[in-house]
Every structure is written in C-alpha cells, then in structure tokens.
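Please look over the structure below with these notes beside it.

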Amino acid sequence: MIRLLIFILITAALVFCTVWFADNPGRMTIVWLGYRFDGSIGMVALGLLALTAVLVLLWRGWTIIANSPGWLGRLLGSRRRKKGQQALTMGLLELASGDVRQALKHTRAVDRYLEDDTLTRLLTAQAAELDGNNDAAKRQFEAMLEKPDSAFFGLRGLLQLALKSNDREAALDYAERAHRLRPRNPAVIVTMFDLLLTSRRWDRALSLLVDAEKAAVFSETELTHRRALLITAKAEDAIAEGENAEATKLLRKALNSAPGFTGAAVLLAGLYRDIKQDSKARDVVMQSWRTAPSAALGAIFRETLTGDPLAKVKAVEKLVATNPGHVESQIVLAEAALEADLWGIARGNLEKAMATKAEARHYRLLADLELRENQDGAKARELLIKASHANPDPDWRCSACGAETDRWVVSCPSCHSFGSVDWRAPLRVHQDDAAKETAEPETAKPSAITQTGVLIDQDTDSDDAKDGKATVKA
C-alpha cells in the first residue's frame, strides 16, 4: 500500500513537471568551445536526466568490475572451506574407526584446504598416537603450544601421553599448566587431583577442591568426603613424624567436616589411647558410634576401660545406648558380657546379631560361650566348624583391589587407591551348583552338613567322633 502511494506521488510529480514545462517552454542558449546550442528548458532538463542515468549505470558497472576479484575469492574460499570441513569430518571418522592411513590422507586434504594448521596438527597427532608413534604425536602437540588458542589442547594431548608412559611428574606439570589456562575444566581437575594424590601433595589437592567446587565437578557429599580424607592424610603423616599435637588438631578438623568418617575417628581414638588419654579416646568413640559404629572403635573403647569386668559392662552399655540397634553394638556388648561371665546377656546379644547376618565371629563367640558356660567341647567344636564356613568377618579392606589391612589407612598399601579402605566383609564366591554335582546323595551320608558348596562330614561311629572331632571335605 505504501509503495503504491509512493508510485502515485512520483507519477503525479512527473506529470506536473511535464505539464508545467509544456505551458512554460522557455528558451535556453548554450555557447561552449565554439559550439552553440538553442533549445527549450524541457529538452535541457531531459538531457540532464538522461546524462545522470548514464553516469549511474557506468558507476555501477565499474563497481561490479572492481569488486569481482573479492567476490570470486569469497566464492572459491567458500568451496575450499567446504572441502576442508568435509576432509576433517572424514578424517575424524576414519580415526574413530582405527584406519590411520586413511585418516592421515584426509589430514593432508585438511592442510591443503584449511589455512588453520591447528586442526591439521590435532588430527595428525591423534592419528600418530593411534598408530603407536608417540614421539610424532608429542611433536605435534608441542607445536600446538605456540598458539594461545590451541595451547590448551596441546597440553591435554601431552598430558595423556605422559600418563600413558607413566611419567607422572611430567603429567602433573602438564596438568598444572592446562589448569591455569582453563581453571574449571572438569577433566583436567579430576586428572590433576589423582596425580596430586599419587605424589602426596595434600595441601595442593585441598586447594584444588575449591576450583572443583566452583566447576561443580563433585557433589557436595563427595567434596566433604574428599576434604576429610585429605585432612586425615595430613594427620597420618604427622603421626608418622611424631607430631601428635598437630595430628590431633587435624583429625579433629576432619571429624568436624565429616562426623561419620570412621577412619579419622579410629585414628584419633587410637592416638589418644597411645598417649594415655583414655577418657578423650572414649569420648571420640562415643561421638562416632552414633553414626558409624565399627569393631575397631569398639576394641579401642574396651582397651581404654579400667576396673572390674562388671564396671566395663556398664561402660559398654552406655556406648551401646547411643546406637542400640546396630550389629556392632550387639557384638561389643556380647564380648564385654562374656568377659564378665554374664552368659544370658552375651547369648541374647549374639542371637540378635546372628538374626541379621550370621558371621564367622558370631560362631566363634558362641563356641567360647559354650566352653565357658557349659564346658561343652563337642558343641564348641561344632560351632567352630560352622565358623569356618560362615560369612567371613568384616575387616579393613580395599574396595578397589580387595586387599586386607590390619588398620585403617588413607591409601591402600596394595593398589595405592586413595580413600578406598573401609570396614567391610570380602566378597564371597558361592559354589552351590558345583557342590550339587560332586557331592554324594544325602541318603548315603545322613550325618553330612552342606554349607555354601562345602561338604562337612562327621563320622558318628569313629573314635574321633566320640571325642567331638570332625573331618572336613572340600
């Protein structure tokens, strides 16, 4: 509508000018360079208008001719970029499929069509690494360090090569440099944290957790646990160096950060016990028992008790009252009651514990109870046989490799995993199906007891049976 209105106005203006010039033709004489021109004003105006149109057309033609190289260059450049991007895509696909030769072929095409050599170097380095030529890959990654926009990717590549060759010092250096370039990169933070743990640089690892928190690499629970582990690791080093005061302060800090951290509680209570501060050791056990009871804490608590066995039972009852339903509470009370010859309390707590999960230690305590209360050697031996095939006792064990340790430590002595040692029972392999195939029918041996794929035979007619002995057959 607006365009139509503008057209009408322009047409009206032209008509008006034409009519006006027709009514007022006038005369104009031009003398220039010996030439004379006589004509009307309208003809002169029309000539000027035509001259202007010709000049505009000439200007537009010159502009097109002058800009044609840039336009042609842009057209050709667009085609080159398209070919380069296609070659890059194919090179990455060939690399992912494991065809190094084809990947390198596409790399040369990328180098020819794309002027940016960063992509070429990255693709070439990855192809060389896949081909097992780590030296060539390292040269390409090092060349990427020369440009600020590709330095981070070069450092990442060098970091992976250093880890592959198990050069952890160089890997840590590359990780530090990459972290300075991109402080919130999750992959670099996780890798660097593991390297710091390996080199036992606890303070630097603690400071790295600040960046990990900003980058949301770990959950809040995981951050708290890792921070408590690092503080406990520092305390463990302080204990080894004989700095008990510093170790005590650090362990207190770790428990304030994570009250349910059993490892720190065991270390602190054991430290107080060793320096003869028994009341403080018991306070630590009492505080930790509310959230994370363990046999190690219970043993330390009982070791710090003084007085007669009945007084010790009373003290243990106060400990158990903080978490009465836990199986460790029932075990520690049964042990104290057994020592005080309180057979009913001992048996009742053992039965409660076994109702949850019967373990070897339960049968051993019951065997001791039968010997001390009833002097029943045969029953005790029967219970010990059951103990040898019952669920194994929990202990300080690495969740990564399954290795057992005699105490809690920050890093597993076997596989060096950080924070993997916990109070747990080992995994058990059941062989019931194999036992069913190899075992004889129960009618042939009516006195046999089958437990978890193992056949325990007791010959009731032999002299050994009269003495209460048993023969175990795997």
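1. Helix H12 passes helix H14 in a left-handed crossing, a term used if the near helix is turned anticlockwise from the far one by less than a right angle. Helices here are DSSP runs of H or I with at least four residues, and strands are runs of E with at least two, numbered from the N terminus.

2. The contact (heavy atoms within 4.5 Å) is made by Thr262, Ala265, Val266, Ala269, Gly270 and Arg273 of H12 with Ala296, Leu297, Ile300 and Glu303 of H14.

3. This is a predicted model, where local features need pLDDT of at least 70 and side-chain atom pairs count only at pLDDT 80 or more, while totals for chains, interfaces and linings use all residues. Residues are numbered from 1 along each chain as its sequence is written, and side-chain values use heavy atoms, leaving out hydrogens and water.

4. An open sheet of 3 strands has the order E4-E3-E5, with antiparallel pairing; two strands pair if DSSP finds at least two bridges between them. Strands E4 (404-405) and E5 (421-424) stand at the edges with a single partner strand each, so one side of each has no neighbour in the sheet. Strand E3 (residues 395-398) is joined to E5 by 4 bridges, and cysteine 398 stands opposite valine 421 in E5.

5. The whole structure has 4 aromatic pairs (ring centres of Phe, Tyr or the six-membered ring of Trp within 6.5 Å; planes under 30 degrees apart are stacked, over 60 edge-to-face, the rest tilted). One of them is edge-to-face: phenylalanine 193 and phenylalanine 218, at 6.1 Å centre to centre and 65 degrees between the planes.
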